[in-house]
Amino acid sequence: MPGLRSAFGPAGTRVTGAWRRILTGIAITLAAAVAVVGVVGDAPVARADQVRDLEYWLNDYGFSQAWNTTKGKGVTVAVIDTGVDGSIAELNGAVVGGTDVSGVGSSNGQTPVGDDNEHGTLVASLLAGRGTPTGGGLIGVAPEASILAVSVAFGTSDAALSNDDQIAAGIRWAVDNGADVINMSLTRNTLDWPTSWDDAFLYAFEHDVVVVAAAGNRGSGTTEVGAPATIPGVLTVAGVDQSKEASFDASSQGITIAVAAPSEKLVGVAPGGGYMEWYGTSAAAPIVSGLVALVRSAYPKLDAAEVINRVIETANPNGHTVPSPIYGNGLIDAAAAVSAYVPKSASATPTELLQEWITLHRRADTAPLTPTTPSTAAPTVPDADPPLPQQNAAAGWLPTPLTLTYVSVPLALLVGFGILVTLFGIGATRHFKRIRSKL
């Protein structure tokens with residue numbers, strides 16, 4: 001059974017990002033497929049706002065402008081990942097709850113677990129980072145949104161549940177604990193998914209939760225979009241580089257992609273503090289989850305389908321033919337998403353889309369018919385035809401049903417036919433005699 005896996009771990013479901021530590025503010029170019037490497041020790045100490053200067057996506061994708069309308073207040077995003085370290089300065093007050101579904105983490109979901117356990121904190125900081133008290137540090141795309149930390153352990157044999165079951169359990173917990181959005185920066189690396197996910201995702205959709213999923217990274221072996229990004233109703237995110245062109249190293253492709261977001265030279269905060277430059281659709285997904293949080297905050301009466309429609313309809317094709325398996329419906333535009341006029345869509349809801357897929361592809365086995373209890377007595381064959389019923393002697397002259405059917409009626413018909421033949425013969429004889437007499 002395919003499981004969940006990290007970007008550099010064994011086969012199975014995986015988180016979908018790569019990163020490199022930049023403990024100073026000096027940006028380090030990240031080579032494709034490099035995981036976590038060297039600390040820069042001799043560079044000058046960063047200015048308080050130098051990390052903020054690296055966040056090109058805040059202006060380039062309209063987030064700075066969107067903050068004039070909302071910063072995501074009142075919206076809760078569940079990060080189902082390797083755990084979120086809520087003690088870092090940028091997430092102070094952001095993590096409002098959590099759980100561990102792996103059996104190896106802490107009960108509040110704030111202990112990083114499994115392979116590439118920095119991943120969940122990077123995701124959360126990029127999504128809802130508050131900056132530092134000094135006015136610098138990393139700020140997320142939805143800096144007033146709240147985070148639920150749901151820790152899952154990928155690539156370890158110590159987990160209490162299978163990878164697939166951890167995801168299903170994490171989704172249900174997130175829904176039951178108030179998530180408005182669920183971020184899933186992971187991929188199963190298969191087009192299909194277990195039936196337990198049918199129920200879990202339907203549960204989320206039926207409770208009006210928007211689920212955002214990463215498309216996966218071509219550079220780390222995911223050549224095509226895999227579940228959960230293939231599940232109908234999920235908002236799937238592809239990645240682009242700084243020039244807003246498709247990132248073929250850091251993004252897979254597929255017909256389920258909805259929108260594209262930046263996925264290269266991004267910055268996140270590691271557990272315990274310290275900054276990392278990273279790439280991948282793992283980073284693009286929380287940018288879109290943050291955008292969804294902004295939309296839900298600005299338009300609290302919109303349901304999940306209408307929120308998704310607003311994100312898609314305000315996307316910028318950027319000169320490309322859309323929809324496409326590379327860019328989806330285009331590049332996200334946060335400013336337009338929270339302010340532009342978007343007609344109400346008549347398209348199917350996430351619940352309807354997934355339910356239709358389940359109906360077509362998960363046909364229930366026909367229930368077996370209740371067997372009839374066989375008789376233990378052998379059938380009997382009569383030795384001879386049963387005798388005709390006895391007639392009452394006093395009424396012997398009256399016809400019985402049997403004599404009417406088999407004797408009286410046939411005899412009457414035969415006699416009637418004989419009379420007709422006789423009359424016809426007599427008439428014909430007389431006619432011939434007249435003719436002869438005239439001759």
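Begin by selecting strands S6 and S8 (residues 210-214) in this predicted model, where four bridges join the two strands and the pair runs parallel.

Move on to helix H4 (residues 119-128), which is mostly covered, with ten of its ten residues buried; among them are His119, Thr121 and Leu127.

Now turn to the aromatic rings, of which a search of the whole structure finds four pairs. Select Trp197 and Phe201, whose ring centres are 5.9 Å apart and whose planes meet at 45 degrees, so the pair counts as tilted. From Phe201, continue to Phe205, with which Phe201 forms an edge-to-face pair at 6.4 Å centre to centre and 65 degrees between the planes. Trp197 and Phe201 are separated by about one helical turn because they lie four residues apart in helix H6 (residues 195-206), and Phe201 and Phe205 are likewise four residues apart in H6. Trp197, Phe201 and Phe205 form one aromatic cluster; Trp197 and Phe201 are buried, and Phe205 is buried as well.

Finally, look at two arginines: the charged end of Arg172 sits over the ring of Tyr203, 4.6 Å from its centre, while that of Arg310 sits over the ring of Tyr299, 4.2 Å from its centre.

Conventions: Residues numbered from 1 in each chain as written. Predicted model: local features only at pLDDT ≥ 70, side-chain atom pairs only at ≥ 80, totals over all residues. Heavy atoms only, no water. Pairing = 2+ DSSP bridges. Buried < 20%, exposed > 50% of the residue type's maximum accessible area, 1.4 Å probe, protein only. Phe/Tyr/Trp six-rings, centres within 6.5 Å; stacked < 30°, edge-to-face > 60°. Lys NZ or Arg CZ within 6 Å of the ring centre and 35° of its normal.
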